[in-house]
Structure formats: C-alpha cells, structure tokens
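Me: I have a model open and want to learn to read it feature by feature. Can we go through it together, one idea at a time?

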Amino acid sequence: MLCWDSHFLVRPQFLYVSGRCGYHKNHLGCCPTKKVIRPGAIMGDKSSSCRDRHTSLRRVVCLSSLIVLALWGCDQERLDQYSAFATAGSLYVTSFHQLTTQAGTAMIAVDSVVLIRERPNVAPDLQKHPEQYSSRIVQHDKLLQEHLAVLKLLDAHATLLGSYFNAIAKLTDSKTATATSAGATDLLKSIDSMDGDVSKATLGGKTVADYATVGTAFVVAHFQVKALDDQLQLSSPIIDKALSLQEAAVAALAEEIKSSLTDTLANREVSDVINPYLSPHDLPGSWNTNREAYLRASVTLTTVNSAQTAIKQLHNSFKQLVENKSGPVDIQTLVKAVTDMAAYANAADATLKTSPSK
Amino acid sequence: MAAVSDLYSDLLAALTTARSAILSPEWQAELDQESSDVRVAAGKAGMDLQGAILTLSNANLSDIATEMQANETALITATNGLTQALADITKVQDVLSSIAKAITIVGKIVTLV
C-alpha cells in the first residue's frame, strides 16, 4: 500500500540537511524551524500546527488510497466472477440439453408403452382393420414430432444464452473487449429474436410465457470496462426475459418428465421385474440387473427438480452480477446447483434409457 | 365459471390418471376375465386416451379456450365421472364408459384422430 508519509516520520528522502522543510521542499511557511536535521532522523521539534496538518493530510491520503484500491479490487473481483458465471452457465446448458432429450424420450416411451400394452388386447381386431391402427400410430408420431420440435427450439435458446454468457465474460478484459463486443451484440439480437418464439412454444397446454413469472427490472451498475458496461445496459432486460423463459421451460419439462416416466417406470417394474418372477419359466439371468436399473431410475427421477433450482440460481446470480458492483455474489451456491443438475442429468441418461437385458 | 386453465389442468390430470390405471397389472387382470370384444374395446380406449393426452399436451390453451368454455359443464361432468370410475377398476364397463365420455368431450375441443 502506498502511503505518502510526511517528512517527520518515515520517508528519509523528504528530509533535508540544510534546514529546509523536507516535506514542503522550499516552502517553509509551515515549518518555522530551521534546525539542521540528519536524513532519516525523526523530527522531534516541529511546531504542533505543522505536525497536525501533516498528520491529517497523511491520514486523508492514506484513506483515499485505501478506498481507491478497495474499489479497484472489488471491481476486479466482480469482473473475475463473470468468468465463473460463464463456466456455470455452460454446465447448465449442457445439462439442459440432456433434460430436453430426456423429456422427448419420456414422451415417446410412455406412448410406446401404451401401444405395446394394448396390442395383445386389440390383436383380433388388428388383423381385420389394420388401417385404423396404422392411422393411430401415424397420428401419435405426428404429435410426438411436434413436441420434439418444441424441445429443439428450447435447446437452441439455451445454447445461445450459454454463448452469450461466454461472450460477456470476455468483455471483462479491457484488452479484448472491443473486439468481442460486436459478437456479443449479435448473440443478443439472436436471443431477443428467439425469445418471441420460445414464449409462444407450448408445453402441457400452456405457452412457455404462461409459465414465466415476471420479476422487477434490473438496475444495471456501471463497470469500469466500457464495452462491458455498454453491453449490460443494452442486454439486461433481454437476458432477464430469456432466463425467465428458461425457468419456465425447465419447470414445464420437469413436470412432463415426471408424468411420463412415472407410468413408464411402473410398466417397467411389471415387465422387467414382476412378470418374469411370476412366470413359470426360468428367471432370466439379467433379472437382478434389470431390477436394479428400474430401482435406480425411480430414485433418479426424484431429483429432477434440481434442474429448477439450477436455472433459478443462474438467473439470480446474473441479476446480482449486473446490479451490484460491490456486493457479494454467491457463485458457490450457483456452482453447487448446476453441479447437482448435471449429476441428475447424467444419472438419468444412464438409467432412464436403459433397455432390459436379456 | 371456472378458469379455463383450471378446466384444462383438471382434464389433463384425470386423463393421465386414467392412463396410469389402464397400464396397471390390476387393470389387465380384470380385462383378462372379460370377453375378447371387451378387451378389444379396452385396447382401443387406451390408445385413444393416449392420443387425447398427446393432443391436449400440444395444444395452446389460448387456441382452445373458447371451446373449453363452451363445453365447460360437460367437461366438468366428464372429468368428475372419470375420477369416480377409476376409484374402482373392477367395474370395467364403468371405467370404459367414462373414458369414452371424456374422449368425446375432448374431441369437441381439439381435433382427435
């Protein structure tokens, strides 16, 4: 820490031998004494007014230096947190892609379960009127394809958001900010354009916008890196809306996964565990493996809400980063939340798509 | 007058509960005691039920709000009837009849196969 001390204590270079005031150089007004002093010597007999003025000035200068350094340090720490936020955002996006894949798989799986289960019941009629059943399957396929298209749109939206977070993290470096600013603005325009389509996308009978809750508008703080500052002023309402839509989409997807997979897993218990056990034939060698897969999948499903916690935390963290230059941002909680979501997504990938072993 | 979103939620919940019931081994055990014609009817009802769920899930509430309100009474009656029938799946004909009524009402709100 720099501190510009007065001449009568610490800084020998301010001490002169010839009797001139070392602190004020040629200005002797505050230092009436003309006593010869040795360099480094403590001035013991300065007038009290001069000493008091020096002391006060020193304190002001020290305090000002501390404040400037503290603010510079806080601002830099906040800029560094944008990188951590972007990393968490990337992990969220990866896990979100897994979530949408699971939602699609779950919808297809439960539809297939119904068709498979009813096939023996309708077998006598199936041969007589194949066109009726063919038409049903085609219609179900069409409806599932419409649903998969919605999931693909949500995926693209999340990908754009992740790219944008990485772009603004690069804006925190004043050396590269100008070069990356245009790219960030282009991404922002794409997100703004896509927000409209995502708002209108339908999940569970409601549009994504219907699920979204509207919070209070951001009040963007000012940052020293002008490119970042300009970008955040422009983007905060758009990103706020995009994150609200992501929260809504995740909530709808989680409900959909739970609803679809509950029936699929119930059927899996019957087909993979109970029926083979009750069958007069030998128990298949894979029975325990299939049973374990069913049990683990059931437990995995109970943690699907971790996705909602993650996106909510991502939204809150962005708000904190943008609004409050010096206050704390709980990046640790964000990292934990997205890590939990990733753990769910990976476990679900491993267990929910598993087909029974023979 | 009930909110359209509540009508929709109640209907979809009743249909998905019905789906869970017809996928249960207990339901299949009841069907196994019925005639081939009843099993065929039950199989078709199950497929139509799933089709109705898919169609409603993809529909936009704002697009179907008018039809839902126009059929509000029938919707509530069908939803309640289905819930009551599912309380005792040993009464196979009651369950199949209530599924058919619910799907008929859904067909007035959205286009089914």
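Me: Among contacts in chain A between residues at least 6 apart in sequence, what share join residues at least 24 apart?

Reply: A contact means heavy atoms within 4.5 Å. In chain A, 75% of the contacts between residues at least 6 apart join residues at least 24 apart in sequence. This is a predicted model: local features need pLDDT of at least 70, side-chain atom pairs count only at pLDDT 80 or more, and totals for chains, interfaces and linings use all residues. Residues are numbered from 1 along each chain as its sequence is written, chains are lettered from A and ligands numbered from 1 in the order in which they are written, and side-chain values use heavy atoms, with hydrogens and water left out.

Me: Which elements make up chain A, and in what order do they run?

Reply: Helices (H or I, at least four residues) and strands (E, at least two) are DSSP runs, numbered from the N terminus. Chain A has eight helices and two strands. From the N terminus, the order is α-α-α-β-β-α-α-α-α-α.

Me: How much of chain A is buried?

Reply: Start with the cut-offs. Buried means under 20% relative accessible area, exposed over 50%, and partly exposed in between (1.4 Å probe, protein chains only). Of the 358 residues in chain A, 46% are buried.

Me: What about an exposed case in chain A?

Reply: Take A:Lys175. It sits in the loop between helix H2 (130–171) and helix H3 (177–200) of chain A. A:Lys175 counts as exposed because its relative accessibility is 78%. A:Lys175 and A:Val225 are 50 residues apart in sequence, and their C-alpha atoms are 9.5 Å apart.

Me: Now the interface. How many residues does each chain bring to the contact?

Reply: Chain B gives 31 residues and chain A gives 33 residues. Buried area is the accessible area (1.4 Å probe) that two parts lose on being put together, summed over both. Here the two chains bury about 2700 Å², with 59% of it on carbon and sulfur atoms. B:Leu23, B:Met47 and B:Asn58 supply 27% of the area that chain B buries against chain A, more than any other three residues.

Me: How many residue pairs are in polar contact between the chains?

Reply: A polar contact is a pair of N or O atoms within 3.5 Å. Within protein, one must be able to donate a hydrogen and the other to accept it, and residues adjacent in sequence count only if both atoms are side-chain atoms. Between chain B and chain A there are nine such residue pairs, both residues at pLDDT 80 or more. On chain B, the elements giving two or more residues to this side are helix H1 (4–22), helix H2 (25–31) and helix H3 (36–58). H3(B) gives the largest share, 16 residues.

Me: How does the side of chain B that touches chain A divide by class?

Reply: Ala, Val, Leu, Ile, Met, Phe, Trp, Tyr, Cys and Pro count as nonpolar, Asp, Glu, Lys and Arg as charged, and the others, Gly among them, as polar. The side of chain B that touches chain A has 14 nonpolar, 13 polar and four charged residues.

Me: How many salt bridges join the two chains?

Reply: Side chains of opposite charge can pair when their charged atoms come close. A salt bridge is a side-chain nitrogen of Lys or Arg within 4 Å of a carboxyl oxygen of Asp or Glu. Three lie between chain B and chain A. B:Lys44 is partly exposed at 23% relative accessibility, whereas A:Asp125 is buried at 10%.

Me: And B:Arg19: where is its partner, A:Asp263?

Reply: The partner is in helix H5 (residues 226–278) of chain A, while B:Arg19 is in helix H1 of chain B.

Me: Which residues of H1(B) are buried?

Reply: Among them are B:Leu7, B:Leu11, B:Leu15 and B:Ile22.
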